[in-house]
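Please consult the sequence and the model shown below while reading.

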Amino acid sequence: MRRYLAVGLDAYLCLLAVGLLVRSCLNAGGAGRAVALLVVQLIALSFANQVLLTMAVRASAGKLIMGVRVIRLPDAGRPGFRRLVLRWLYGLLWLPRQPWRRLRGPSAPPPAERPPGRPAEVHEDLAGVRQVRRSDLRYYRAAVEEERTG
């Protein structure tokens, strides 16, 4: 649930930024130029929030507020730039199309036709990263340290 609230907060913060950026874009002279300037600014803001901020502190702004961290699988380390960019592109290009795809009809085979061993949600751990609660990450690190020293 925290993940979804964090995504909602990120969306809200993005809309807030859009509201602040619209005024500067309207003075750009021409509707086409204003829209292009707004889109470029939004993509840059999204990249900074989802990639650069996550590289620095392991979370976007919404995830920081909700106490969620992004980790690399399987060792729970800090995800690298490449993984974060792949994850950002996935969220930017693939996720927004999903409601439309579901309205058109099921594109995935029924569960009986899936190959054995293949998970139902293949995109859950895109680019080898996962979102976890900060407290769970702390407990995991403590357990690993105890196992290593004990």
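Which side chain does arginine 133 meet in a salt bridge? The partner is aspartate 136, with an N to O distance of 3.3 Å; a salt bridge here is a side-chain nitrogen of Lys or Arg within 4 Å of a carboxyl oxygen of Asp or Glu.

## Basis of the report

The model is predicted: local features need pLDDT of at least 70, side-chain atom pairs count only at pLDDT 80 or more, and totals for chains, interfaces and linings use all residues. Residues are numbered from 1 along each chain as its sequence is written, and side-chain values use heavy atoms, with hydrogens and water left out.

## Overall architecture

The protein chain contains six helices and two strands, arranged from the N terminus on as α-α-α-β-α-α-β-α. These elements are DSSP runs numbered from the N terminus, with helices (H or I) of at least four residues and strands (E) of at least two.

Of the 150 residues in the protein chain, 23% are buried. The term buried denotes under 20% relative accessible area, exposed over 50%, and partly exposed the range in between (1.4 Å probe, protein chains only). The accessible surface amounts to about 10500 Å², and carbon and sulfur atoms account for 63% of this surface; the areas come from the Shrake-Rupley method with a 1.4 Å probe, and for residues only the protein chains shown count as cover. Contacts are defined by heavy atoms within 4.5 Å. Among contacts between residues at least 6 apart in sequence, 62% join residues at least 24 apart.

## Helix H1

Helix H1 comprises 25 residues, 2-26, and spans 36 Å from its first C-alpha to its last, close to the 36 Å expected at 1.5 Å a residue. The expected span is 1.5 Å times one less than the number of residues. H1 has a kink of about 30 degrees centred on leucine 20, where the bend at a residue is the angle between axes fitted to the seven residues ending there and the seven starting there.

The buried residues of H1 are Ala6, Asp10, Ala17, Val18 and Cys25. Their cover includes helix H2 (31-57) and helix H3 (61-66).

## A nonpolar surface patch

H1 is the greatest contributor to the nonpolar patch, with four residues. Leucine 16 lies in this helix and is partly exposed, at a relative accessible area of 44%.

## Salt bridges

The structure holds four salt bridges. One of them joins the side chains of lysine 63 and aspartate 10 at 3.7 Å, N to O. Because lysine 63 lies in helix H3 and aspartate 10 in helix H1, this pair ties together parts that are 53 residues apart in sequence. Both lysine 63 and aspartate 10 are buried.

Arginine 72 and aspartate 75 form another salt bridge through their side chains, at 2.7 Å, N to O. Arginine 72 is partly exposed at 24% relative accessibility, and aspartate 75 is partly exposed at 43%. In the pair that opened this report, arginine 133 has 38% relative accessibility and counts as partly exposed; aspartate 136, at 36%, also counts as partly exposed.

## Positive phi angles in loops

Most residues other than glycine have a negative phi. Arginine 58, in the loop between H2 and H3, has a positive phi near 65 degrees. Its relative accessibility of 10% places arginine 58 among the buried residues.

Alanine 76 likewise has a positive phi, of about 60 degrees, although it is not a glycine. This residue lies in the loop between strand E1 (68-72) and helix H4 (81-94). Alanine 76 is buried, with a relative accessible area of 8%.

## Surroundings of glutamine 131

Glutamine 131 belongs to strand E2, residues 129-133. Leaving aside neighbours within four places in sequence, glutamine 131 is in contact with Arg3, Lys63, Val68, Arg69, Val70 and Arg87. Arginine 72 is 59 residues from glutamine 131 in sequence, and the two are 9.0 Å apart in space, C-alpha to C-alpha.
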